[in-house]
Protein chains: 2
Amino acid sequence: MKKGCPYGTHRVIEPKGALPQPAKKIDNTMELYDNEILIDVQTLNIDSASFTQIKSQADGDVEKIKEIMLNIIAERGKHQNPVTGSGGMLIGTIEKIGPALEGKIDLKVGDKIATLVSLSLTPLRIDEILAVRKNIDQVDIKGKAILFESGIYAVLPDDIPENLALSALDVAGAPAQTAKLVKPGDTVLIIGGAGKSGMLCCYEAKRRAGVTGKVICAGRSQKSLDNARRANVADIYVSIDATKPVEVMEKIKELTNGEMADVTINNVNIPDTEMTSVLATKNDGVIYFFSMATSFTKAALGAEGVGSDVAMIVGNGYTRGHAEITLQIMRESKELREIYEELYA
Amino acid sequence: MKKGCPYGTHRVIEPKGALPQPAKKIDNTMELYDNEILIDVQTLNIDSASFTQIKSQADGDVEKIKEIMLNIIAERGKHQNPVTGSGGMLIGTIEKIGPALEGKIDLKVGDKIATLVSLSLTPLRIDEILAVRKNIDQVDIKGKAILFESGIYAVLPDDIPENLALSALDVAGAPAQTAKLVKPGDTVLIIGGAGKSGMLCCYEAKRRAGVTGKVICAGRSQKSLDNARRANVADIYVSIDATKPVEVMEKIKELTNGEMADVTINNVNIPDTEMTSVLATKNDGVIYFFSMATSFTKAALGAEGVGSDVAMIVGNGYTRGHAEITLQIMRESKELREIYEELYA
Ligand SMILES: NC(=O)c1ccc[n+]([C@@H]2O[C@H](COP(=O)([O-])OP(=O)(O)OC[C@H]3O[C@@H](n4cnc5c(N)ncnc54)[C@H](OP(=O)(O)O)[C@@H]3O)[C@@H](O)[C@H]2O)c1
Ligand SMILES: NC(=O)c1ccc[n+]([C@@H]2O[C@H](COP(=O)([O-])OP(=O)(O)OC[C@H]3O[C@@H](n4cnc5c(N)ncnc54)[C@H](OP(=O)(O)O)[C@@H]3O)[C@@H](O)[C@H]2O)c1
């Protein structure tokens, strides 16, 4: 049996020496290396920025969506959207565990897990696409995937429906990072705050900012904002178009008596919202870009361009305990759980 | 006279409502709005990531470089590289000041300034390209530019040669941000540490990390590393290929007794170095991406992919006092000043 690198570089076809995430093409044959885990895949949760792009390219047509997805796999050996660069995650059942891992991990054949590493680096073979759930970015398939030795995962809990866990775990980094950033008394703006990751961030921000703080949930459609309101996750709900920086700045100025946000968290699934985040935030505030549609240069040069000293953080999808923190919110908040079950379960 | 928006949205042709930096095309006619400053341009300092890309597209041919530059201006009304998204900055002489700014700013007609906002948002007209200094990313032109009301600038000091000031001010954000991040005792890795911004970062990091800390200057060519060594800006000098994450990780492991870096600063001018930064940094360390060739998704999903909890910061080109801090280094360090005069003056 062949020996693999913990990071999966042994699967990289092009360019050599790269890691699987930035690689253009990886090997998705399902012959196991000694330190890999083989997963029988049940459902993919496509990253929202990626799925939004694919849906629009396919004009919403399900057969076209399938075709685009299969082409991505054929080209790259992994489900990495070439436009957004992002992936998503999956749930499935452990089929085989490489001998080098035995005794080292708490998994056994037959366990049902969610991978917590991006599909943009996961070797994936799709044999058939069984169902596309367009509104919640989920796709049921027949197929196999590989988890590398350094790859993280969560065993699915018994007390939360599988598809709900999948949806929540896909964005687990967001509320966990919010918990680290928000301090008591902060004014927190969540752009895309009525979406899947947005509501979790609002909830966590409200807990951290406390009664002396203020959480502004900025969404787009009334439908989404009504959901957020029903879940009672914020102090203020406001409808904005996040691609209109100056308009949004004026609105946030009004809502904060000219003070602007201490912390802004960006959870949208569309491009060109960097400057909105910058202009809505205090000069010495913090912006957390969770959105995978964020452009590095637009953020860096845009902030400089308006002389803003704001600190901008790249949304690392992982932070210690992120899966636990996120599932705990689903157990803690009856209102949020109800809405997530309606929307995603 | 037409009234302008402080951020320059009045010059945006496409898409409407956007700010000038992310905009695809801006108006570069030189008829002044009431809150604009007209600059008679002398020299452009093209951002290193951008100029590296242009040079390679032109196969190093000066006439082709000129052609590419003029095409960019014709298409966008600003010098924003379509591949890297980045710009650079300029020096020139104040030719006219809009009446709405009079009395509000400390500039007068005839002052020589460096703009501290990116060329990627600056309306620019090039009438003629006079000289291309290929090795230091500088281009002398005949032409005009506009500075918006919110745009920042520095009056050129008397005691530092102009081209040297231009080179140093182009990267002023980097050492100033380093000063904010590095704490006494830190192990600091500077990737691309022997380049223009890299040496300034090393210098500032060494001052902050102090005798209990360790600054590793990781460059590529021996020539650059020799310069850095001569300037005495680091504790360790090492030659690496920043596009080889696993190799570099092994080297840094060796140099830090397996501890890895507390703070990594990325100052290269080429793509695909995100994972090198992640793997070389402690799990709970900080990475500062100053490189304009950084990909947001490669950083975010790459760190997640290897389960690293590292905090990743987008290199905001501006921070309070950055021009002063950077020029001060040029006054303080005789060794560094000498080398920068050799290389850039
Ligand atoms: N960093 C990571 O590791 C990681 C992991 C997973 C996901 N993500 C990213 O996180 C982002 C959010 O994911 P998600 O699953 O929470 O997506 P989601 O549920 O689809 O939420 C996106 C939200 O953005 C809102 N929105 C879209 N366009 C807008 C506009 N012009 N103005 C204001 N709001 C707008 C939508 O509002 P409506 O509901 O009204 O349409 C929606 O609520 C995505 O970009 C995704 O790629 C990152
Ligand atoms: N955030 C901002 O506002 C802002 C402003 C200005 C510039 N920047 C960015 O900062 C970066 C550095 O700018 P600069 O002016 O300092 O550039 P520079 O002087 O050209 O330095 C780049 C350095 O990267 C090194 N390098 C290139 N390829 C490498 C590799 N494969 N492995 C290791 N090192 C490698 C080069 O080494 P050699 O010398 O041996 O070739 C060089 O010393 C650029 O990406 C630029 O776009 C950002």
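Predicted model: local features only at pLDDT ≥ 70, side-chain atom pairs only at ≥ 80, totals over all residues.
**Group meeting: a walk through a two-chain model**

Let me start with one residue, B:H10. Leaving aside residues up to four places away in sequence, B:H10 touches B:G4, B:C5, B:Y33, B:N35, B:E36 and B:F148. B:H10 sits in the segment before β1 of chain B, the strand made of residues 12-14.

As background, most residues other than glycine have a negative phi, and most peptide bonds are trans. The bond from B:E14 to B:P15 is cis, with omega near -5 degrees. B:P15 lies in the loop between β1 and β2 of chain B, where β2 is residues 25-26. In chain A, the bond from A:E14 to A:P15 is cis, and its omega is near -5 degrees. A:P15 is placed in the loop between β1 and β2 of chain A.

B:D137 is not a glycine, and its phi is positive, near 65 degrees. The residue is in the loop that joins β6 (124-133) to β7 (138-147) in chain B. Is B:D137 buried or exposed? B:D137 is buried, at a relative accessible area of 8%. In chain A, the residue to look at is A:M260, whose phi is near 70 degrees, again a positive value in a residue other than glycine. A:M260 is in the loop between α7 and β12 (261-266) of chain A. Its relative accessibility is 8%, so A:M260 counts as buried.

Now to the two chains together. The size of an interface is often given as the accessible area lost when the parts come together. Here chain B and chain A bury about 4,400 Å² between them, and 66% of that is on carbon and sulfur atoms. Which residues of chain B lose the most area to chain A? They are B:F296, B:E304 and B:V314, and together they make up 17% of what that side buries. As for residue counts, 57 residues from chain B and 57 residues from chain A take part in the contact.

Two residues show contacts across the chains. A:P245 is in helix α7 of chain A, residues 245-255. With residues up to four places away in sequence left out, A:P245 touches A:M275, A:T276 and A:L279 in chain A, and B:G17 and B:L19 in chain B. A:P245 is buried, with a relative accessible area of 3%. A:P245 and A:T273 are 28 residues apart in sequence, and their C-alpha atoms are 7.4 Å apart in space.

The other is B:S291, in the loop between β13 (281-289) and α9 (296-305) of chain B. A polar atom of the B:S291 side chain lies 3.1 Å from the backbone oxygen of B:V268. B:S291 is buried too, at 3% relative accessible area.

On to the helices of chain B. Helix α4, residues 173-181, is mostly covered, with eight of its nine residues buried. Those buried residues are B:G173, B:A174, B:P175, B:A176, B:Q177, B:T178, B:A179 and B:L181. What covers them includes α5 (196-209), β12 (261-266), β13, β14 (311-314) and α10 of chain B.

That brings us to α10 itself, residues 322-332, and its contact with α11, residues 334-344, in chain B. Their axes come within 6 Å and cross at roughly 100 degrees. The two helices are therefore roughly perpendicular to each other. From α10(B) the contact uses B:I329, B:M330, B:R331 and B:E332, and from α11(B) it uses B:K334, B:L336, B:R337 and B:Y340. By class, that is four nonpolar, no polar and four charged residues.

Helix α11(B) also meets α6 of chain B, residues 222-231. The axes of α6(B) and α11(B) come within 8 Å and cross at roughly 145 degrees. On the α6(B) side are B:N227, B:R230 and B:A231; on the α11(B) side are B:E335, B:L336, B:E338, B:I339, B:E342 and B:L343. This contact divides into four nonpolar, one polar and four charged residues.

That is the end of the tour.

Conventions: Residues numbered from 1 in each chain as written. Chains lettered and ligands numbered in written order. Heavy atoms only, no water. Axes fitted to C-alpha atoms, helices over the stretch in contact; angles between N-to-C directions. Helix = DSSP H or I, 4+ residues; strand = E, 2+ residues; numbered from the N terminus. Parallel < 35°, antiparallel > 145°, perpendicular 65-115°, else oblique. Contact = heavy atoms within 4.5 Å. Nonpolar A, V, L, I, M, F, W, Y, C, P; charged D, E, K, R; others polar. Buried < 20%, exposed > 50% of the residue type's maximum accessible area, 1.4 Å probe, protein only. Polar contact = N/O pair within 3.5 Å; in protein donor to acceptor, adjacent residues only side chain to side chain. Buried area = accessible area lost by both parts, 1.4 Å probe.
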